[in-house]
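Me: I have a structure open and want to go through it with you. Can we start with the metals and then do the fold?

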Amino acid sequence: MRTIWMNQLSWVDYEATIKAEQPPIFLPVGALEQHGPHLPLGTDGLLSAAVAADTATLVQGLVAPTLSYGYKSQPKCGGGQHFCGTTSVDAATLIGSVRDAVREFGRHGATKLVFVNGHYENQWFLIEGIDLGLRDLGPGAKLQVMRLEYWDFLTEQTLTSVFPNGFPGFALEHAAVIETSMMLHYHPSLVRTDLIPEDPPADFPPYDVYPTKKNWVPLSGVLSSAKGSTAEKGKTMATELAMRMADAVIEAFK
Ligand code: ZN
Ligand code: MN
């Protein structure tokens, strides 16, 4: 069986695979962003790549290298830009990278491209980059693009079992139970469970101010507690995500 990793193929093998199989090509998108004291800066890209790889395995897809820098971290979903290590790009930069990727994969003759987003703040800039990239390719292009945020594929049932005391919502799930559990499943050696903070969930007003107020955000950078994270929960979520994303990819490109 061939590798799923595009960057491990020669151009000759890649071209042959594109021509013979028309595989869906997964392009994970992440961020370099603080994720509390217990998770690595690259968490969003590591997780989007991991779920993309599991999904690609189910649908005989390929996984392209991750776009590892994301749009600016916002206090209410990523802690904000004031943390050391958080390294973000302007909207125009992200839009440009996505636009270029769409145009290049279209030129290769790929027909199915799937952006797997792992960083909340990226969403609208991915949409814009995809739109501009498809416009560059023109109306005769054979490329279809799918975009998803992987967490949207978790079922109510799974969220209820992962959060027996109530689900705080995806925005506050920054460096919290979902990401920590999934990192314990995929990359256990990168998680410092002994450093998980005790902070209560962050409580934000229904507006934003600029410059942002650092005191809105817990000093740890964690927006709701990661206590209760387990590798087992991570495995349950990862398995569900890959299966449901695979079904969606098949359906979307039918
Ligand atoms: Zn994250
Ligand atoms: Mn993020």
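What follows is a short exchange about this predicted model.

Me: How far apart are the manganese ion and the zinc ion (ligand 1), and which residue coordinates both?

Reply: They are 3.4 Å apart, and D44 coordinates both.

Me: Where do E33 and D44 lie?

Reply: E33 is in the loop between β1 (25–29) and α2 (43–59), while D44 is in helix α2, so the pair ties together parts that are 11 residues apart in sequence.

Me: Are E33 and D44 buried or exposed?

Reply: Both are buried.

Me: Now the sheet. What is the strand order?

Reply: It is an open sheet of four strands, β2-β1-β3-β4, with parallel pairing. β2 (62–63) and β4 are the edge strands with a single partner each, so one side of each has no neighbour in the sheet.

Me: How many bridges join β3 to β4?

Reply: Six. K112 stands opposite Q144 in β4.

Me: Which strands does helix α5 touch?

Reply: Helix α5 (residues 123–137) packs on the sheet and touches β1, β3 and β4. Its direction makes about 180° with that of β4.

Me: Last one, α8. What span should it have?

Reply: At 1.5 Å a residue, its 22 residues (231–252) should span 32 Å, and the end C-alpha atoms are 31 Å apart, which agrees.

Me: What covers the buried residues of α8?

Reply: The cover includes β1, α2, β3, β4, α6 and α7. Among the buried residues are M237, L241 and M245.

Definitions and conventions
Residues are numbered from 1 along each chain as its sequence is written. Chains are lettered from A and ligands numbered from 1 in the order in which they are written. This is a predicted model: local features need pLDDT of at least 70, side-chain atom pairs count only at pLDDT 80 or more; totals for chains, interfaces and linings use all residues. Side-chain values use heavy atoms; hydrogens and water are left out. Donors are N, O and S atoms within 2.8 Å of the metal (3.2 Å for Na, K and Ca); water is not among the atoms, so sites may look incomplete. Helices (H or I, at least four residues) and strands (E, at least two) are DSSP runs, numbered from the N terminus. Buried means under 20% relative accessible area, exposed over 50%, partly exposed in between (1.4 Å probe, protein chains only). The expected span of a helix is 1.5 Å times one less than its number of residues. Contact means heavy atoms within 4.5 Å. Two strands pair if DSSP finds at least two bridges between them. Axes are lines fitted to C-alpha atoms, for helices over the stretch in contact, and angles run from 0 to 180 degrees between N-to-C directions.
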